[in-house]
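I opened this notebook page to record what I looked up in the structure. The entries follow in the order in which I made them.

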Amino acid sequence: MKKKGFIFDLDGVIVDTAKYHYRAWKKLADQLGFKFTHKHNELLKGVSRKRSLEILLAIGKISASDEQKEYWMHSKNQEYLKYIRKMTAEEILPDVPKVLNFLNSNNQPIALGSASKNAEEILTRVGLLKDFKTLVDGTHVSKAKPDPEVFLKGAALLGIKPQNCVVFEDASAGIEAAKAAGMTAIGIGKSSNLPGADYVFSDFTEISTDFIAQL
Ligand code: BG6
Ligand code: MG
C-alpha cells in the first residue's frame, strides 16, 4: 500500500460526543431561561466552542460582554468534562478500531484534526491515543473549519503532502476544509448533509480495508 496520511476528525467520527455537548449547552440555556432543542444542537456540530456559544446566545436572543461569554464557555466546559471523564472504550463508534488497526499495521501515519480543545482527554479516556502519530486540535489552530489550517498542520506533522492525505469528517465545514486543503474527503453520515465529499459512508462498518488500501 502506497504511503498516505490519514486524518480523522474526532466528534461524530470516532466518538459520539454531540449528546454530551447538548446536555452541557442545554444546562446553560436552562439557566438563561430559554429552550435549546436537539435540532438547535445540530447547528453546533463541527463548530468551535466560541462560535457554539454565539449560536446559542443568538437562539436565546441574548447579548453579553466578552468577559461574560468567557465565563459561560468555562462553565459549559466544566459541565461537559463531567461526561467526558466517564467515557470508556465502549463509546468508540463501530469499526473505528478496525480501520485504525489496519492503517497502523500497514505503517500508514494517522493524525487527529479536530476543533475540540478536549481531544487529548477524550482519546485518552477511550484508549485510542496510542493509535495517533500526532494530534492537531482546538488548542493548536487559530482558524476554525472550513479553514483548512487544522488539516494542513496535520499533514505537515505527518510529513505527507496534502494531496496524499485522506480526511474522515462528519461535518460539512470539515469536508469543505479538507477539500480546501487539497485532500481526499470521506464523509461519515448522510450524503445530503455532506456536499463536496469524495465519498460518503454512513459509518465505518461500511468501509472495507480493501477500499482504504486502494485510495
Ligand atoms: C467539535 C464539535 O469537534 O469541537 C463541536 O463538533 C464543538 O460541537 C467543538 O463545539 C469544540 O469542542 P470543545 O471540546 O473544545 O468545546
Ligand atoms: Mg465532527
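The entries below go from the metal site to the chain as a whole.

Basis. I worked from a predicted model, in which local features need pLDDT of at least 70, side-chain atom pairs count only at pLDDT 80 or more, and totals for chains, interfaces and linings use all residues. Residues are numbered from 1 along each chain as its sequence is written, chains are lettered from A and ligands numbered from 1 in the order in which they are written, and side-chain values use heavy atoms, with hydrogens and water left out.

Metal site. I looked up the donors (N, O and S atoms within 2.8 Å of the metal, or 3.2 Å for Na, K and Ca; water is not among the atoms, so sites may look incomplete). D9 (OD), D11 (O) and D170 (OD) coordinate the magnesium ion (ligand 2) at 2.0 to 2.1 Å. Along the chain these donors have the spacing D-x1-D-x158-D. D11 lies in the loop between β1 (5–8) and α1 (18–32), and D170 in the loop between β4 (165–169) and α8 (172–180), so the pair ties together parts 159 residues apart in sequence. Helices (H or I, at least four residues) and strands (E, at least two) are DSSP runs, numbered from the N terminus.

Burial. Of the 215 residues of the protein chain, 46% are buried.

Overall fold. I noted nine helices and six strands in the protein chain. The C-alpha trace spans about 55 × 35 × 30 Å along its principal axes.

Definitions and conventions
Buried means under 20% relative accessible area, exposed over 50%, partly exposed in between (1.4 Å probe, protein chains only).
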